[in-house]
Amino acid sequence: MSTTDEPATHERVYSEAEVTQKLQSDLPHWFLEDGWIRRKFKTSGWKGTLMVVNTVGHLAEAAWHHPDLTVSYAFVIVKLCTHSAKGITDKDFELATKIEETIQWQPNKQGFKGQPSALEGTPNEDPRFKYIKYD
């Protein structure tokens, strides 16, 4: 700790090539744009958009790492960058991974602890209930 009781910030900033490689291997729906890693989540309308925004908001607040969001009727754009480090750091990759896992989670396809899930998942065949356009 420093004499001001604030933690030292020595975050590793990834190069553009490293970011691109890491996104291709770990987060293929995210890409680098103007110094941010970015992802567009398509929804089926306002209800789904609000669910995505609230989910991202909860994860970001819990992580204490806050993205920029662009919110429209049928999509949400999430952009991450570590402002204190002036670049992309592990914080961005970790939060992007948690956002991706949570938003894209489909219990009926992914199961629970290696077993089939007791949860049905949203009935996407019925437009009244569909809310996320899964990849």
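User: Which pattern does the protein chain follow, read along the sequence?

Analyst: This is a predicted model. Its secondary structure comes to four helices and four strands. Read along the sequence, the pattern is α-β-β-α-β-β-α-α.

User: What percentage of the residues in the protein chain is buried?

Analyst: A residue counts as buried under 20% relative accessible area. The protein chain has 135 residues. The buried share of them is 33%.

User: Why does the distance between the end C-alpha atoms of helix α3 agree with the span it should have?

Analyst: Helix α3 covers residues 90–103, which is 14 residues. The expected span takes 1.5 Å times one less than the number of residues. That gives 20 Å for α3, and its end C-alpha atoms are also apart by 20 Å.

User: Which elements do the buried residues of α3 pack against?

Analyst: The buried residues of α3 include Asp-92, Phe-93, Ala-96, Ile-99 and Ile-103. An α-helix has 3.6 residues a turn, so residues three or four places apart point the same way. The buried residues of α3 pack against α1 (16–26), β2 (36–42), α2 (46–63) and β4 (75–80).

User: Is Arg-38 buried or exposed?

Analyst: Arg-38 is found in strand β2. Its relative accessible area is 16%. The cut-off is under 20%. Arg-38 is therefore buried.

User: Which side chain does the side chain of Arg-38 join in a polar contact?

Analyst: Leaving aside neighbours within four places in sequence, Arg-38 is in contact with residues including Trp-30, Phe-31, Glu-33 and Val-78. A polar contact of 3.1 Å joins its side chain to that of Glu-33.

User: Which residues does Pro-107 touch, not counting those up to four places away in sequence?

Analyst: Pro-107 is found in helix α4 (residues 107–110). Pro-107 is buried, with a relative accessible area of 9%. Beyond four places in sequence, it touches Ser-117, Leu-119 and Gly-121.

User: How far apart in space are Pro-107 and Arg-128?

Analyst: In sequence, Pro-107 and Arg-128 are 21 residues apart. In space, C-alpha to C-alpha, they are apart by 19 Å.

Definitions and conventions:
Residues numbered from 1 in each chain as written. Predicted model: local features only at pLDDT ≥ 70, side-chain atom pairs only at ≥ 80, totals over all residues. Heavy atoms only, no water. Helix = DSSP H or I, 4+ residues; strand = E, 2+ residues; numbered from the N terminus. Buried < 20%, exposed > 50% of the residue type's maximum accessible area, 1.4 Å probe, protein only. Contact = heavy atoms within 4.5 Å. Polar contact = N/O pair within 3.5 Å; in protein donor to acceptor, adjacent residues only side chain to side chain.
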